[in-house]
Structure formats: structure tokens, C-alpha cells
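Definitions are given where a term is first used.

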Amino acid sequence: MLELVDVHKVYRVGTFGTGTVHAVRGVSFDVQPGEVVSLIGESGSGKSTIGRMVLRLANATSGSIRFDGTDVVSLRHRGLRDYYRHAQGVFQDPFSSYNPIFKVDRTFETLRRSYFPQDTGAAWDERVADAVHSVGLVPGEVLGKFPHQLSGGQLQRLLVARALLLDLRLLVADEIISMLDASTRIDVLNLLGDLKARGLGILFVTHDLSLGNYVSDKVVILHQGRVVERGPTAAVFADPRHPYTRTLLASVPQLDRRWEDVEAEEERRSAALGDECLYHARVDGADAHDLGLVEVAPGHLVGCFRDGADDACPGVRAPVAG
Amino acid sequence: MTVPSPGPATTVADDAPDAGAALDVPDARPGRLPGRRHEALYFALRNPKVVGAAVVILGLALLGLVGPLFADHGPNDYAGPTMQPPSGEFWFGTTMFGQDVWVQFVAGLRSTFLVGVLGSVVAGVIGMTIGFVAGFRGGWVDELLTMLTNVVLVIPGFVVLIVINTYLGVRSVPMQALYIGLFSWPWVARAVRAQTFSLRAREFVDLARLSGVPTRTIIVREVAPNMYSYLFMTFVLLFGGAILTAASLDFIGLGPTNAVSLGLMMNQAVQWSALHLGMWWWFVPPGLGITLLVGALYVMNVGLDEVFNPKLREM
């Protein structure tokens, strides 16, 4: 349904746009209906930029983003409006997602003006109430309120309700849980589960590994703008191959293990791996590509083992010696 | 309407981003929560600075509007004996030529308000348009418009106005207001651009985009309403600035040729040595009128600051 192929994003920085920041490097993956794909990475890894490019809030510098075969990058006014009927987003900060001086109902009204100018009055109100109901809220308790009178979880679920008024097929959820209290998180997570069951494709952007594990079918691990590992969630979490993924997993505190033990084990493993690179060991020098991935198990792909995006590969010995 | 009892799901967030809006404002109808605009009005009507200044400004405006209607002769007509001090017949006395100072004063107030309104609207519209477009579009559009703004900003506006008025000659009050407006917008554009920049990055703007709303509508419906208080104060300041500039131009003899204004009255009083002849009634009313009006506008600005910014409220 959604397909990204070799997507790059380069930001121009500096006074005259002289400097560049390569935020996203050659990212490829796809999202199928009824599937939750998690984009996992630390801050600055380019995960949110990818979400914004999928929603066309940012333009990709190169590469293609396709939704049912149409290139999203080239969409203009009318085409873009039609695309937004099927693809919507929910963002990190629920309080900044609403215009603070208006009641929350206005976000539905904006949608109505744009997509359903003929639907007015009771029929529309009923549709809104239905949508609000379907995200587990009581319309009477949330409608007609100002954003600061509601909790973050309620606001996020209202945004999902807003998206559901359209013919929604793809939802980009950009860190939608990270600003919520632990008690309201589960409501929003369960709501994502419901949407998935209804056949929606969900692109779940997060820095939280446990959340990625909890909700998603596939994960894409990003580091400095490139994909270092991707595959089915179970495979990646059970058998992480890339050093970065392993470090990421090891850095999650665990209930039954002490930090020193984890550290020691990581030390041993790193020493055993030495200066190896799974990618360059399996792909010949001529076919190898900086941003390439190699399949280590069905659907489970791993990239070059270098740490920084511009570093040299640890596995490649000097050509003269080889 | 009744207040829905807060069930377990309606935990109101304690970290609401705008604590000012959550202030407990009494409202006549129970169960109805006061909006931002109601709240601003509530505090405005209880702020002595705003109320006092508004009374002065509205009083003077009323005087300028109604006063000339009751005069039985024009402001420049020779209505009576010359150099009369204030009396029952001529409230503000007469000039060197026997013109009625009271009639000149109310007519001058009228043109002063006209200059203020037209000048501030011209400057406000240009400044806001350029500020919104530059701030929202960004990129090269922003660079170009910012360059234009800076160029106009560094031009010494008053000197240019003197040159324009000398060479082109200003025939009427609206023309004067137009020229003043054309040179006083840059700081508005800069301030609006800066505010727009910060609002553009908010997620509700992204959500409006995801609703297929065109850019112009986003600016008008999502960005501008967040700046209403600021835009309102901008107009207040522009209004006072335009009045002062017009009075200065009039005073140095570059005012409209076919009208009466408070600045022109002072110009004539000085020209005919009213000060040395002890004709205080000739120059005190226009001077006091300008001072009162502009002073009230600035006091109102300070008061509105307190109304819109909860941190400045003294309560």
C-alpha cells in the first residue's frame, strides 16, 4: 500500500543555504493494509522526517514514496487533498495539535469545511459523535471543551476520531504516546490495535523499543538517517544482528537483570564480533553499496556494521592487504 | 445545559500549556465555560488604564464627530472680533483674524482621527500582509520580503515624508495619511513575521494542512487568531504614531493645504506669535488635544498588555 524506495532528505542550513544536513539516507520499506510498522531510532535519526515526508509535510529530496502506485511526492493541490482522504497523521504533542484559543470541535469543523461542505447540522453532528464513540470517548464529555480542559490521551484519541471521519487507510502516528501519562497510554495503544484490526496500515514512529515491540508487526531501525536493520518484529527483537540494534536493546533496563551483567555480556559479544561486518562479508565488493541491506533470514535485513553514517566499514580491511 | 460530571476518563491535565486561560473567571450562566475573548473583555473592563484611556479617546472622537455639526460657521471663517479670550460666546476664544478656536479645534480633531485611522490601516494592512507571507512561506520569499522590509526600515521615514510633502504637495488629509502609512509598516512586518514563524511550526498548522486547507486560509483561520491581541495593540500604536507624525508635519508647515488640523492650528499660532502676545487659548487646546489623545493611546496599550498577558495582571 505504502512503499518507500531509496528516499533521501537533505536539509540546507546556514545563512545562504551553504551547509547541508543529510537527515534521511536511502530509506526503503513498505506498509501493508492491517499492518503496523514501527520506525525506531534515537532523536535525530530521521524517523519523524520520514513520517512528515509520507504525509507530504516535507518534500523528499530524492527517491519515491508511493501510495497504491501513485507518487506522493508529485501530488499537487487537488491530488494532495484526495491523498489526505486516505492518509492522515497524529503527532507527538496533543496540546499543540489544537489551536489553543478554539474549542476542540473546531478541528472537526475544519475537516467538514474542506471535505464535506454539504454535510451540515444534525447528520454531521451524529457522524462526529459516532467517530468520538469509536475511539472510546463519550461525546458529551469531550466535545465543546477547550484543549486545556482535556487530558493528552483524550486529545490524541480525538485526533484519531478526526482521521476516522475520512476514508482512512494509512495513519502516521508520530510519537503519539510519548507525551502521555502511563495510565492513558494503554487506551491509545489499544485504539491502534483496533484500527489495525479494521485493516488500516499504521506507520508508528517511536523511540521506545518496548512500544515498538508491543504494537508492531515489522520494525525498521534507523540510525543517523539510514536503515541499519529491518524485518518482522519477532525476528529483529529475538535475534538482533546489527551492533546498533544490539546496543539499543541492551540499553533498555530489565526487571530481572542488573546493569553490570548486561554491560559485561555486551563487552564479551563486541569482542567476539571483533571487526566484522555481516553485510560486507556476504556482499561482494563490487555489488556492495553504502546503504545496502542483506537478507540474513526471510524478511530480516541488515546493513553495514559501521556506526556513524560516514564512517568506514569495520569489516573492510585495506584492499592491498586483502 | 449541565456540566457533565467528570468520570474517570475526564482527568483534566494539570500541565495545560496556557495557565492563563484556565483562570477561574466568573460567568453568568452556570456550566458555560468562558472563552478567551470573553475573558479578555472581562479583564479589559476591570483595568483602570484601559477604561480611562478608552473614555478619553472615545470622548475626543465624539467631540470631533459631533462638534462640527453644531458650529454655525466654518473653521476658517472670520466669525467675530479678533484676539478674544475664551468667553460664553467663543468658548476657546478667537484667533488673530477672528476665527473661532473651538470650531477649529473640533474640526482639527476630526482630521486628526482620520489621519490616525487611515494611516494605521494602511500601515497595518501592508505590514501584516508582508509579515504573514514572509513568516509562513519562508525560503526565498521570506528573504526577499525581509530585504524589502529592512530597506524601508532604514529609510529615515520622517525625512522622506518632508521631501514628498514639499515636492508633491499634500492637498488633503487622506493623502497625508496614505504617505504616513506607506512608511510606518516595517516594524509591524518584522514583528508579525517573527510571531508567524513560531506559530507555523505548531502541529495544528500541520493538521490544517492534512485537512487540505489552502495556505491563505491557514493564515487567516489558524495563525492570525492567535495574534489578535498583538494585532490589536499594533493598531493602537500605529494610530498614535500616525497622529504624531501628521501633527509634526503640520507644525513645520507641510500639512494639507485645504484642511484644518490640530498641527496646523499650532503652526499658525506660532507663525502669528500667539505665545508672545499671550494668546494661550490659541495653542493650548490643539497641543493639549494631541497630548491627551496620543497619551491615552499609549496608556491603553500598556493596559491592554496587562489584559492579554496574565503575568502582568496586578491581581
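In chain B, H2(B) passes H3(B) in a left-handed crossing, where left-handed means that the near helix is turned anticlockwise from the far one by less than a right angle, and right-handed means clockwise. Helices (H or I, at least four residues) and strands (E, at least two) are DSSP runs, numbered from the N terminus. The model is predicted: local features need pLDDT of at least 70, side-chain atom pairs count only at pLDDT 80 or more, and totals for chains, interfaces and linings use all residues. Residues are numbered from 1 along each chain as its sequence is written, while chains are lettered from A and ligands numbered from 1 in the order in which they are written.

| Helix pair | Angle | Axis distance |
|---|---|---|
| H2(B) (48-66) and H3(B) (101-137) | roughly 115° | within 7 Å |
| H10(B) (228-251) and H12(B) (280-308) | about 165° | 10 Å |

Leu60(B), Ala61(B), Leu63(B), Gly64(B) and Leu65(B) of H2(B) meet Val106(B), Leu109(B), Arg110(B) and Phe113(B) of H3(B), contact requiring C-beta atoms, placed from the backbone, within 7 Å. These residues comprise seven nonpolar, one polar and one charged. Here Ala, Val, Leu, Ile, Met, Phe, Trp, Tyr, Cys and Pro count as nonpolar, Asp, Glu, Lys and Arg as charged, and the others, Gly among them, as polar.

By its angle, H10(B) is roughly antiparallel to H12(B), and H10(B) passes H12(B) in a left-handed crossing. Their contact includes Phe232(B) and Ile243(B) from H10(B), and Leu297(B) and Asp305(B) from H12(B). It divides into 16 nonpolar residues, three polar and one charged.

Chain A has twelve helices and twelve strands. An open sheet of eight strands runs E6-E7-E8-E3-E9-E10-E12-E11 in chain A, with mixed pairing; two strands pair if DSSP finds at least two bridges between them. Strands E6 (87-90) and E11 (293-297) of chain A are its edges, each pairing on one side only. The twist averages 20° from one strand to the next. Within the sheet, E3 (36-40) and E9 (218-223) of chain A run parallel and are joined by four bridges, with Leu39(A) opposite Val220(A).

How values were computed. Axes are lines fitted to C-alpha atoms, for helices over the stretch in contact, and angles run from 0 to 180 degrees between N-to-C directions. Angles under 35 degrees count as roughly parallel, over 145 as roughly antiparallel, 65 to 115 as roughly perpendicular and the rest as oblique. Two residues are in contact if their C-beta atoms, placed from the backbone, lie within 7 Å.
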